[in-house]
Structures are given as structure tokens and as C-alpha cells.
Amino acid sequence: RHISTQIEVVNPFCAQPFLENRPNLNSKKIIFIGSFESPNKGYRELIEAFRLLREEDDEWELYMVGKRGRDFVKDNMEGLFVTDYVASLKPYLSKCSIYIHPAHFEPFGVTVLEAMSAGLIPIVTKMTGASEVLESNRLSKLIVKTPEPRLLKEKIVEVYNYSMAKKRKISTISKSIVKGSCLEKDGLKDFKKKFEKVH
């Protein structure tokens with residue numbers, strides 16, 4: 001007897017929104033938030049991309065925040081700031097303009113939503129599940145195919161060189177995406193709806 005199986009997907013929601021944040025969209029400060037225990041996060045490629053950025057412009061700064069950051073990142077480079085988990089992300093999110101998630105593989109990446117809720121401009125790889133959120137909201141130009149350092153560096157520079165009007169528009173869209181469909185209430189509603197379909 002053939003048994004049909006129905007599969008539904010529920011994306012993670014943004015449990016820690018920063019909708020009141022006002023990022024400095026004109027800054028040359030970028031941030032990565034995540035675990036350093038897996039090379040799949042692509043943080044080594046991001047560090048190399050940052051090295052390429054600094055070779056051309058030493059005003060760039062990179063903030064890397066996450067579990068055991070200082071245990072895994074030993075690079076001694078001007079403008080690179082590495083920390084473990086912090087009590088509050090707000091000081092970092094307010095001074096940065098770009099959030100980058102350079103994963104080789106990431107089922108979703110809730111930190112992408114957190115950064116978007118804060119109004120930062122997200123840059124993610126195609127292998128990051130949250131890239132689907134960008135694609136469905138006409139922000140596919142913020143997606144890079146792979147975490148190859150040169151590609152990451154070029155995308156960062158491209159985004160920085162957007163007009164301030166364009167950066168403000170992306171920042172506003174990013175916030176509205178999270179506020180409109182990616183908060184906890186939305187995730188629970190979506191889960192209940194899809195659970196009833198497959199139950």
C-alpha cells in the first residue's frame with residue numbers, strides 16, 4: 001500500500017528583534033554573529049575577505065561576535081575585533097552598516113533576521129537558508145554564490161558604495177520583512193497552520 005507523505009517547512013523566527021535600532025549606514029563597520037566551532041560558518045573566508053578590504057582601505061572594521069570567538073580566531077589584524085557572546089548586541093548593531101553571513105552551509109541563520117530587524121544590510125551566501133527570505137523580497141543582489149573571499153570583499157564594497165537613499169531603503173525593507181512575517185507570533189502561527197495540514 002502506498003502511503004503519501006506531506007512535508008511542510010517552517011522557518012525559524014526572530015526571537016530577539018532590534019526594531020528600535022538605528023544603524024550607521026554610512027560606516028565602514030561590518031559584523032558577523034555566530035558560532036566559531038564549525039568551519040561551515042565561513043568565518044575564515046570572511047577574515048580573508050576583510051584582509052583584502054584593509055589592503056585597499058584601512059578604515060574598515062570587522063566585529064566577530066559569538067561562542068568561543070577568541071578561542072578560534074587568533075588573527076592579529078588592525079580593525080578586527082573578536083569577542084565571545086556579549087550581554088547586548090545593541091552597541092555593535094548601532095555602529096555597523098552591514099551584517100554578513102558567509103556560510104558554506106547553514107539551514108537558516110536566525111542571526112540574519114536579528115541583524116535585519118536592526119536595519120543592517122544583510123549579505124549572505126546562497127547556502128544560507130535565510131537567502132530565500134531575501135530572494136522572495138527582491139533583495140537577491142545581496143546574495144553571493146559562495147563564501148570565496150574575493151566575492152565577499154567585492155559584495156561588501158558594492159553595498160557600501162550604494163547611494164544613501166538605496167541603503168536606507170534596504171534598511172527599511174529589512175526591518176519591515178522581520179516585523180511583517182518573521183516575529184515569534186508569525187512563526188507559531190505558521191507552525192500551527194502547517195502542523196494541522198500534515199497531522
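Contact here means heavy atoms within 4.5 Å. Helices (H or I, at least four residues) and strands (E, at least two) are DSSP runs, numbered from the N terminus. Everything below comes from a predicted model, where local features need pLDDT of at least 70, side-chain atom pairs count only at pLDDT 80 or more, and totals for chains, interfaces and linings use all residues. Residues are numbered from 1 along each chain as its sequence is written, and side-chain values use heavy atoms, with hydrogens and water left out.

**View 1. Helix α6 and what it packs against.** The buried residues of α6 pack against β1 (29-33), α1 (43-56), β4 (98-101), β5 (121-125), β6 (143-144) and α7. Those buried residues are Pro-149, Leu-152, Lys-153, Lys-155, Ile-156 and Val-159; buried means under 20% relative accessible area, exposed over 50%, and partly exposed in between (1.4 Å probe, protein chains only). Seen down the axis of α6, they fall within an arc of 165 degrees, so they line one face of the helix. The arc is that of the directions from the helix axis to the C-beta atoms.

View 2. With 18 residues (164-181), α7 reaches 26 Å from its first C-alpha to its last, close to the 26 Å expected at 1.5 Å a residue. That expected span is 1.5 Å times one less than the number of residues.

**View 3. Where α4 meets α7.** The axes of α4 (residues 110-117) and α7 come within 7 Å and cross at roughly 120 degrees. Leu-113, Met-116 and Ser-117 of α4 make the contact with Ser-174, Lys-175, Ile-177 and Val-178 of α7. Axes are lines fitted to C-alpha atoms, for helices over the stretch in contact, with angles running from 0 to 180 degrees between N-to-C directions.

**View 4. Two arginines with positive phi.** Arg-68 isn't a glycine, yet its phi is positive, about 55 degrees. Look for Arg-68 in the loop between β2 (61-65) and α2 (69-72); at 38% relative accessibility, Arg-68 counts as partly exposed. Arg-138, also not a glycine, has a positive phi of about 60 degrees. Arg-138 lies in the loop between α5 (131-135) and β6, and is exposed, with a relative accessible area of 80%.
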